Amino acid sequence: MATTADIRNGLCIKFNDKISQIIEFQHVKPGKGPAFVRTKMRIIETGKVIDNTFSAGHKIDIVRVENREYQYLYKEENDFIFMNNETFEQVTIPAKMIERPAFLLEGMVCNILYDANDEVPLVVELPMYLISEVTYTEPGIKGDTATNSMKAATIATGAEVKVPLFIDMGEIIKVDTRTGVYVERVKN
């Protein structure tokens with residue numbers, strides 16, 4: 001058994017009989033009273049994010065997980081098909097196990113977390129950034145770079161992203177897949 005001192009971002013633990021992943025945590029040592037650890041966790045099954053506070057030294061049950069690289073192949077109804085690049089084994093992942101499936105691009109290499117004991121896929125982690133072409137947006141106005149105004153744009157995956165006014169169709173942009181926010185224009 002581990003304790004709260006072992007908590008780190010990305011750690012998977014068994015909490016209320018469900019596997020949860022630590023998104024963020026903070027050790028707090030108030031001037032008065034005992035220390036504690038404030039956490040934000042994602043329940044793997046449902047994707048729901050919850051807050052919880054553990055007292056310092058509280059025993060936690062760590063779930064052993066393995067991170068494996070898979071390549072996204074295609075979508076089949078509500079499932080996504082991935083292939084292991086080493087064994088060429090294909091695995092079917094339901095949409096609920098992917099946090100932002102709209103950002104999946106064919107051929108993209110993703111990490112799939114597996115429960116090492118049961119060999120069951122838990123969650124699909126997309127790469128931090130996606131570089132994609134803008135397939136549709138309203139025409140930009142030349143010289144309109146001074147304001148922080150944003151407009152809607154559709155990228156090659158079909159996802160809609162807010163971009164600055166100067167972005168035009170056919171341009172390549174970088175998007176943060178965790179938040180779905182435009183990061184920058186990519187030079188060709």
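This note sets out numbered points on the strands, cores, pockets and turns of the structure.

1. Basis of the note. The structure is a predicted model, in which local features need pLDDT of at least 70 and side-chain atom pairs count only at pLDDT 80 or more, while totals for chains, interfaces and linings use all residues. Residues are numbered from 1 along each chain as its sequence is written, and side-chain values use heavy atoms, with hydrogens and water left out.

2. Strands here are DSSP runs of E with at least two residues, numbered from the N terminus, and two strands pair if DSSP finds at least two bridges between them. Six strands form an open sheet with antiparallel pairing, in the order 1-6-2-3-4-5. Strand 1 (2-3) and strand 5 (49-55) stand at the edges and have a single partner strand each, so one side of each is left without a neighbour in the sheet. Strand 2 and strand 3 are joined in the antiparallel sense by four bridges, and Cys12 stands opposite Gln21 in strand 3.

3. Strand 10 and its partners. Of the seven residues of strand 10, five are buried, where buried means under 20% relative accessible area, exposed means over 50%, and partly exposed lies in between (1.4 Å probe, protein chains only). Strand 7 and strand 10 run antiparallel and are joined by seven bridges; Arg68 has Ile112 in strand 10 as its bridge partner. Strand 10 also pairs with strand 11, in the antiparallel sense, over five bridges. Asp115 is bridged to Val120 in strand 11. These two strands form a hairpin with four residues between them, and Glu119 in the turn has a positive phi of about 55°.

4. A further hairpin. Strand 13 (residues 150-155) and strand 14 (residues 160-164) pair over five bridges in the antiparallel sense. Thr154 has Glu160 in strand 14 as its bridge partner. Four residues lie between the strands of this hairpin, and Gly158 takes a positive phi near 100°.

5. Nonpolar cores. A nonpolar core is a set of buried Ala, Val, Leu, Ile, Met, Phe, Trp, Tyr and Cys residues joined through side-chain atoms within 4.5 Å. The largest has 27 residues, and those with the most contacts inside it are Phe82, Ile93, Phe103, Leu104, Ile112 and Ile173. Elements that give two or more residues to this core include strand 7 (65-76), strand 8 (79-84), strand 9 (90-94) and strand 12 (129-137). Strand 10 supplies the largest share of this core, three residues. Apart from it lies another core, of 12 residues, among them Ile7, Phe15, Val37 and Ile50.

6. Surroundings of Ile112. Which residues does Ile112 touch, not counting residues up to four places away in sequence? With contact meaning heavy atoms within 4.5 Å, they are Glu66, Asn67, Arg68, Tyr70, Phe82, Val91, Ile93, Pro121, Val123 and Val124.

7. The largest pocket. On a 1 Å grid over the protein atoms alone, a pocket is an open set of points where a 1.4 Å probe fits, with protein on both sides within 12 Å along at least five of seven lines; lining residues have an atom within 4 Å of a point. Grid points are joined across faces, edges and corners, and a volume is the space filled by probe spheres set on the points. The largest pocket has a volume of about 600 Å³. Its lining has 21 residues, of which Arg42, Glu99, Glu125, Leu126 and Arg178 lie nearest the centre. Strand 3 (18-28), strand 4 (36-43), strand 10 (109-115) and strand 11 (120-125) are the elements that give two or more residues to this lining. By class, the lining has 10 nonpolar, four polar and seven charged residues; Ala, Val, Leu, Ile, Met, Phe, Trp, Tyr, Cys and Pro count as nonpolar, Asp, Glu, Lys and Arg as charged, and the others, Gly among them, as polar.

8. The second largest pocket. This pocket has a volume of about 160 Å³. Among the residues that line it are Asp17, Lys18, Ile44, Lys96 and Met97. Strand 11 gives the most to the lining, with three residues. The lining divides into six nonpolar, no polar and four charged residues.

9. Most residues other than glycine have a negative phi. Asn16, which is not a glycine, has a positive phi of about 55°. Asn16 lies in the loop between strand 2 (12-15) and strand 3 and is exposed, with a relative accessible area of 61%. Glu77 also has a positive phi, near 55°. The loop between strand 7 and strand 8 holds Glu77, which is exposed, with a relative accessible area of 73%.
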